[in-house]
Amino acid sequence: MNQDDEITKTVLVTHEVKAPDNNIEKTKESENVCIASAGRRNLDAICDVNRYTISFLLELRDKCITIRDELRFKLVDFKILTHSYPNNVECDVRRGAGISKHISHITPLLHLDMFIDEDLHRIVANYQQIRNVAQNGAQKWFSKESDWIKSKPSSSQKTEKKQKDYLKDLMKNNKPINGLISVTAIEEEMTRAAKAEYLKKQIRQNISIVNDKMDKLKNAFKNKQPPPIITNPAPSTSKEPSKSKNRTESQSSTSSKRKSKDKSAKSQKDRVQQPQLSINNSPITKEAYLILSLLSLQNPVEREQYLIKIAKERELLQRNPENNVISLNPKYGGIFPVIKKQAQQNIDQMAPCVLQINGDRKKVGNNNESAAGRNNERKNSSSNNGQVTDENKKPKFKPDTIKKELSYQEQVMQIVNEVEELPKDLFKLKHNFRMPKQPLNEEMYQEYIDKFVKTLVDQGAGHLHEGEIRINSKNYTQAFVCDKETRDVFIGTPCLRRFALQSDLVQIYVHHGIEVEVPVTTELLNESSSIEETPIENGVETEPTVIKPKKLGFVTKILEKRNKRTCIGTFSDKFSKELKSARFVPRDVKMPIIHIPKQNWPNALLLEDPKDVENIVYLAEIIDWKGDRAIGNILKPLGKCGDLEVENEAILVQNNLDITPFSEEIIKQLPSSPYIIPEEEFAKRKDLRNMTIFTIDPLTARDLDDALSCRKLENGNYEIGVHISDVSYFLKEGSDLDNIVKEKATTIYMVDNVYHMLPKPLCFLCSLLPGEDKLAFSVFWEMNEDAKIVSTRFARTVINSCTQFAYEHAQKIMDMADDAPLDEKDFPQIFNNVKLNEIRDIIKILQKLAAKLRKARMDNGALKIDQPKLSFRLNPETGRPVSYAVYELKEANRMIEDWMLLANCTVAAFIFKFYPKHSIVRGHSHPSDNSMDNLEGMLKKFDLVLNGRGSKELRDSMEQIIMASESPAGARTVMNVLLSKPMQRAKYFCSGYATKPEDFYHFALAVKIYTHFTSPIRRYADVMVHRTLAAALKYTEPSTRTTEELQSLAGICNMQKWNAKNAGDECSELYFRTYLNEVGSIKARAAVIAMGTYSLEVVLMETGHTIKIFYKYLEPDTIIKPQLGETKITKVYIWWPKEENIKPRKITLFSELNVQVTTQKMKLAINKVFP
């Protein structure tokens, strides 16, 4: 067997073709295979050490201080590995080939004279030893054959022969090739000889190159000269090493000339000013000084600027005076691409390692970037043609740029200095936020923060703003604060927001420099809703997009902790009694995971089975923070999951709603019952007890805030009156009761209970019950037949309602003819000798005028988006739902709404005229532009056009889409949901905080100014409006509250109103799920709102619930196939194979489906679609 065959054998050991077991016996690996396998393992280990050593040497440009210790470690490893298999000839040869390749990458760096002589000699000796091992192995291989080569063919060799014969037989007889044998295997069999020949030549070439390079390095160090720059020649014939040698000598000559030229110019002033530093009495070279200088500048921007400065001084770069652009010196243009390519190759082969300088540890090296990413970077850098500008653009921060493990002080400095890494020497920063090392109390800590922020603001680096924190429900570490100047401000870590929670009022610093781009899926697109109300992205499944960049900021102080730091939840299912702390998972996704220390665990957690505790709902509180981890305590258990009473309490707690009953002391302060109006109060008010006044409310209403009246004047016009209960007469500003009520701010309506804002006796006292004298505020309009307002007047009054009509009673009258007979048995009792016909005539007039008011409001651009509302009939014994109904809005409801809207608008304009800085008004901003863009883009994919951003244009465009749809009812349901998403949330505010007329505008109602005046029994904002109105009418003194106090109260009203609405909606959904769980399922009509690859999203047309239909969970008799449009799925096909007479149906946006709704793990689900 000749040498070439043996090399071929060595290469092919691991590429055996396995024939089927029934044709060829399985044999054990021979001794040859074992030796070759051991040799390969040895080679891999040595190559790993070599690669690590080479990476280490490459990094010496930045890490020369650690050379000694690291080198000793490498040498010890090398000696151990090189003596592991001393007699393995194959390993020696292949090691020589691998080492020569690695040396070619490292030698271009060895010309930097920055090493100590002792360490240099160790490096040379190290690689000399490698070279010798490779040479000895090659000599053994090519001079004589080893004993194991001469040995008889082993069982493995016999197996290979059998395999070849088997292949020939298969090919000759044209039999199918089974098992692992394939055409590819046959091709490999035919090309093995060529591969072996190539490897043999490569080994010989590389050994020659290693010898040549090592001789040059040895001579250079022997003569105590800097090593020459050795190029990396490509593998060539035997003549090529001599050519490489000539080239190297030529470069060495050029380097010597350049050296002498530098010496002749020594008389001139050095361009780089450096001190005379030395190591062991030997002066440090300029190259070493340059590298150490770059290492000392850990800020990449500063390092780049310093490097450009040195390059300009050494005439490697030059400036163009016309455009102030610095570019590469033309004489280096030819060599620059080669240097750049070689440098990039060296960087790509670097292995990660740890750099330690002055105690700072930093991982550098391979960042595991994708090849595509690196290619893009190279493409971008090459497009600059070697040009560098003085003014570098600031890179936009990513949300994860801010290091969460840093302290508040360090994170703030990272933002205001716009750096991704903080230097060790913080004094080099432009904005250095220094604090004393000794512990500070909260007051002193805040003083330092305020002083630092004031400096930033004075320098124009940013500005201060006050606002409400909104937490991202998909990532609780992220938060936003709405700033009118810059829109949403992004706060990236809990530490930067000083651990403020949802709804807290904070002061933030908004930095004017850097911006971040936040993905749509993790950021609040508008201020109208909480973050969980993410708009349906384009109506179909979409890739994550990026919205407009956000300004960065941080919280300087928490002005008001509106969030109570309490939440409800359960313990994690990964709980163990051996843990030092347990993870408590809140149901509110905007709350962090709370770590409960063992000493704060409830007894049940220690005594009972952990699986039993998983189903218990607890009330917990956050008591401290450790880093970014919330530390908490368990306050009390609420009960088992699924119990309605427990779940209702959990909803209230989760929404920060206080349902604590009023104390006996407060109740005793209320007026006695029955209440008799004092005689002196009649002298201050207008007595309307003889006027026909009545209420129209829901059938079960008990808090009767408002009443109506109408009489015809002598001039033919009408005087319409709206009369509202005068709660402010009993609820005095600043009283003990007022201080409690202002925190409650609203009445909470749950399915099974009502939690009143006022004490129940006071609610009863203020309610406009029929047949009783009541104190009221009245608004009167004189109107003509066209509902045009002639005049307006206000008065504090005493009224006596004649009856309590429900909407059903008023609607019955509206549906009857004017002369139809009325049966008094069908209506409630009537007081004050008022006739039913008189009430009928008033309702008819009010209906006619209200319709004209409504038309005028719609013509002006009012936008109405209706959402279904459910009511439940409960079992009186168990309290569980037995049926449900959808609350239907009829003409009677709309009539009352029209008159209440007119009263609110009229009062808002009146109080603002007298108190332009101290009035509580309610504004509604335009929809979010970004959300509207997304909605328009989604509809466009379905060839639907939504025009305009004004309320009127939006409403008209919506109606056009609905009427043009094949299913108008489904289209209206879907459009109501889609349009509600981008809408902003209407908010109360103090008029003194408005900066322009647009701030007062109410988008949905299309009115210039608006407030709430008509429901003071259930809304505290209405009470504040009543007080302002009383002061404007000179009944009382003006409020002593400042604009800041009024704005704070308006914020509480906003928060509590929103929380109460959420609680009511969650409670309604809870009872709906409970009802479905008990009845099993219901059939419903649904409209398609979104389509995707794996699911279909629909809206239940009756109840308004949005549910996803997952295709794989549908019953087998229904098949749904999505069809991809130009870019996204815009339609799906559904068919029922068992129904032969029903053809497949095309489903698209707005399509209506008959579905079966059920529950899965107490969540709404759809498991069947009917034909």
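## Packing of H19 and H31

Helix H19 crosses H31 in a right-handed sense, where right-handed means that the near helix is turned clockwise from the far one by less than a right angle, and left-handed that it is turned anticlockwise. This is a predicted model, in which local features need pLDDT of at least 70 and side-chain atom pairs count only at pLDDT 80 or more, whereas totals for chains, interfaces and linings use all residues. Residues are numbered from 1 along each chain as its sequence is written, and side-chain values use heavy atoms, with hydrogens and water left out.

Two packed helices are described by the angle between their axes and the distance between the axes. Helix H19 (residues 644-654) packs against H31 at an angle of about 155°, and their axes are 9 Å apart; the axes are lines fitted to C-alpha atoms over the stretch in contact, and angles run from 0 to 180 degrees between N-to-C directions. H19 is therefore roughly antiparallel to H31, a term for angles over 145 degrees, with under 35 counted as roughly parallel, 65 to 115 as roughly perpendicular and the rest as oblique. Helices (H or I, at least four residues) and strands (E, at least two) are DSSP runs numbered from the N terminus.

On the H19 side the contact is made by Leu644, Glu647, Asn648, Ile651 and Gln654, which meet Ala1063, Glu1066, Cys1067, Leu1070, Tyr1071 and Thr1074 in H31, contact being heavy atoms within 4.5 Å. The residues of this contact divide into 6 nonpolar, 3 polar and 2 charged, where Ala, Val, Leu, Ile, Met, Phe, Trp, Tyr, Cys and Pro count as nonpolar, Asp, Glu, Lys and Arg as charged, and the others, Gly among them, as polar.

## Salt bridges

With a salt bridge taken as a side-chain nitrogen of Lys or Arg within 4 Å of a carboxyl oxygen of Asp or Glu, the count comes to 40. One of them joins Glu1069 to Arg1073, with the closest N and O atoms 3.6 Å apart; both residues lie in H31 (residues 1043-1079), 4 residues apart, which is about one turn of the helix. Glu1069 is partly exposed at 31% relative accessibility, while Arg1073 is buried at 18%; buried means under 20% relative accessible area, exposed over 50% and partly exposed in between (1.4 Å probe, protein chains only).

Lys557 and Asp450 form another salt bridge, their closest N and O atoms being 3.8 Å apart. Lys557 lies in strand S13 (residues 550-560) and Asp450 in helix H16 (residues 442-458), so this pair ties together parts that are 107 residues apart in sequence. Lys557 is partly exposed, with a relative accessible area of 24%, and Asp450 is partly exposed at 29%.

Glu1152 and Arg1085 pair with their closest N and O atoms 2.9 Å apart. Because Glu1152 lies in strand S38 (residues 1152-1160) and Arg1085 in strand S32 (residues 1082-1091), the pair ties together parts that are 67 residues apart in sequence. Glu1152 is buried at 11%, whereas Arg1085 is partly exposed at 36%.

## Backbone geometry in loops

The peptide bond from Ser673 to Pro674 is cis, with omega near 0°, and Pro674 is found in the loop between helix H20 (664-668) and helix H21 (679-684).

Arg498, although not a glycine, has a positive phi of about 55°; Arg498 is in the loop between strand S11 (487-491) and strand S12 (505-516), and counts as buried at 15% relative accessibility. Asn833, also not a glycine, has a positive phi of about 60°; Asn833 lies in the loop between helix H24 (807-815) and helix H25 (836-859), and counts as exposed at 76%.
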